Amino acid sequence: MNARILALHGGLLALLLALHFVLPVYHHGNLARVMVLACYAIGYNLLFGYTGLLSLGHAMFFAAGMYGMGMPLYHLGLGAELAFLAGIAAAGGLALVVGLLALRTVGVAFMIVTLMFSQAFYLAILLAARWTRGDEGLVLAGADRVLFGLDLTDPDIRYLLALGLFALCLSAALWLVRRPFGRVLVAIRENPERAELLGYDIFRHKLAAVVLSGMFSGAAGAAYGLMFGYVGASFAEVHFSIFPLLWVLLGGAGTVIGPFFGVLFMFYLIDISSGLTPAYMLVAGVALVLLTLFAPQGLVGEVRRRWLRWLP
Amino acid sequence: MSALLSTRALSKSFAGLRAVHEVDFDLEPGEIRALIGPNGAGKTTFVSMLIGRVAPTSGTIHFEGRDITRLPAHARVRLGMAYTFQITSVFARLDVAENVALAARRRLGGDRAAVARETAAVLERVGLAGHGDALAGDLSYGHQRLVELAMGLAQAPRLLILDEPTQGLAEGEIAAFRRLIRDVAAEATVLLIEHNMGVVMALADRITVLDFGEVLAEGSPAEIHGSAAVQAAYLGTGADA
């Protein structure tokens, strides 16, 4: 692998590790959250940024990971390790079914179909209150949140595990997009008809992208539930499908590190502006409009366009 | 029959309009075949059915003895057919080398060194060596046509279908293109849709003339050149064949 690509991504991970030792408690906790959500954004970006498919229903994959982890842990007493894997499997399975149906459409229809599936999933969570506890959600006991002997109620362990998961997702995404498979996804985004006539099966590649994207999202959802001890229906609501779209647009669609910076930027934009004024969403909105006007390719996308064309 | 590609009674209607009507067509291995005809004769519809971009209304298509009528386009490409678009269709926001590498990679897989070698060799061959890092969309029209051709060559196809490859090219570019196709014909069968009669007469072993979706005539360049029916179709004099 190209040395500067390795240095950049490895450097980011090293910086995040160093921050573990110096950050004040408040920002330390924030960054742990940001890293887990960045895994969600990385998954979303794989489908939106690289394959060119805009989903408005990714909250269902995040929530499938969360409930797929939380319900067996809560009801069946499954260990956190297996429950985490169950979450990823649940999200992947759901993504396969949704992909098979939704990929029969393209463009706006694909957006609507994914949105509808996600809404149906949200309502199903509320309706299955007997197992999901509906609106209230499931509160996971501290004693159950132990992963390989590591106690997830400890903020230090939480940070380091979030970093571990983020490192895994970032490396996996970097590996994927530089492989022939990832190059074909980009080709499909750029010109699907041409890609088909180069002998690539467009449907199968798109389906694989949906499933992988769903699994990344599910891993993030499962980790989020385990780390913060709560599994709730609000994570399946429509705004949780819009967030990853905003994060990826802000950070830079189709860049490997963009999603992380998108989440970080938006997290602190809301955090800081809500400290200044009750109308913090207005501040956030104006900042988003400005960024869209002056850096339409997102933060990292703009850096790539201007200076670093080699960024993956 | 040892035809590389053959069609039987191949037809396509669009809302009742007969674009291609019961065409029987045989392409021998190793030849350069030109497909000519007036505008609207059904040439592009015909080759679109061959490659699988358009589904036929009726009839069959065989490639190397295998019925491919119902195969999707990507599966036909995997069997060894390649198609270059009439309206240039490159990956405009990707660099030239990646455009060609995408074509080579499907065949060569994840072997980066082999893909890079093949890409460089093909770019050299079409005269685009040194343009590998440019974005395909930034190239001149003529160079984009060459990228299109390079993508065809990088697939090492057994049948290369070129849909009006010289359209919009300058005279000098056309001469270079003719040499290139001669060269390609040593490895692949070429089916060429072409309006430039100079190119057709210089390159084609045989010529098929389509008119109103049907085969009007087929023969050597000399035979076609002397055919009254072909003259009539092109000049619109209405003379009998």
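Biologist: Is A:R133 buried, partly exposed or exposed, and how many other C-beta atoms lie within 10 Å?

Modeller: Before I answer, keep in mind that we are reading a predicted model. A residue counts as buried with 20 or more other C-beta atoms within 10 Å and as exposed with 12 or fewer. A:R133 has 18 such atoms, so it is partly exposed. This residue sits in the loop between α6 (129-132) and β1 (138-139) of chain A, and its phi is near 60 degrees, a positive value in a residue other than glycine.

Biologist: Which residue in chain B has a positive phi although it is not a glycine, and where is it placed?

Modeller: That residue is B:A15, with a positive phi of about 45 degrees, and its place is the loop between β1 and β2 of chain B. B:A15 has 4 C-beta neighbours inside 10 Å, and therefore it counts as exposed. The two strands around it, β1(B) and β2(B), form a hairpin with two residues between them.

Biologist: How should I read the pairing of strands, and how many bridges join β1 to β2 of chain B?

Modeller: The general idea is that strands of a sheet pair through backbone hydrogen bonds, either parallel or antiparallel. In this structure, seven bridges join β1 (residues 5-14) to β2 (residues 17-27) of chain B, and these strands run antiparallel. You can find B:F14 opposite B:L17 in β2(B). β1(B) also pairs with β4 (residues 58-63) of chain B, in the antiparallel sense and over five bridges, with B:L5 standing opposite B:F63 in β4(B).

Biologist: What is the order of the strands in the open sheet of chain B, and which strands stand at the edges?

Modeller: The open sheet has four strands in the order β2-β1-β4-β5, with antiparallel pairing. At the edges stand β2 and β5 (66-67) of chain B, each with a single partner strand, so one side of each is left without a neighbour in the sheet.

Biologist: How do I read a nonpolar core, and how many residues has the largest one here?

Modeller: In soluble globular proteins, nonpolar side chains tend to be buried together. Here the largest nonpolar core has 171 residues, and those with the most contacts inside it are A:V36, A:C39, A:A63, B:V100, B:A150 and B:I161. Helix α2 (residues 25-50) of chain A gives the most to this core, with 16 residues. For a close look at one member, take B:A150, which touches B:V100, B:V122, B:L123, B:V126 and B:L128, if residues up to four places away in sequence are not counted.

Biologist: How many residues does each chain give to the contact between chain A and chain B?

Modeller: Chain A gives 14 residues and chain B gives 18 residues. On the side of chain A that touches chain B, the elements giving two or more residues are α8 (180-190) and α9 (192-196) of chain A, and the largest share, four residues, comes from α8(A). By class, this side of chain A has five nonpolar, two polar and seven charged residues.

Biologist: Where in chain A is confidence lowest, and where is it highest?

Modeller: The mean pLDDT of chain A is 93, and 100% of its residues reach 70 or more. Within this chain, confidence is lowest in helix α13 (residues 280-294), at a mean of 84, and highest in helix α10 (residues 202-228), at 97. In the loop between α13 and α14 (298-306) of chain A you will find A:A295, which counts as partly exposed because it has 17 C-beta neighbours inside 10 Å.

Methods: Residues numbered from 1 in each chain as written. Chains lettered and ligands numbered in written order. Predicted model: local features only at pLDDT ≥ 70, side-chain atom pairs only at ≥ 80, totals over all residues. Core = buried A, V, L, I, M, F, W, Y, C linked by C-beta atoms within 7 Å. Contact = placed C-beta atoms within 7 Å. Nonpolar A, V, L, I, M, F, W, Y, C, P; charged D, E, K, R; others polar. Pairing = 2+ DSSP bridges. pLDDT = per-residue confidence, 0-100.
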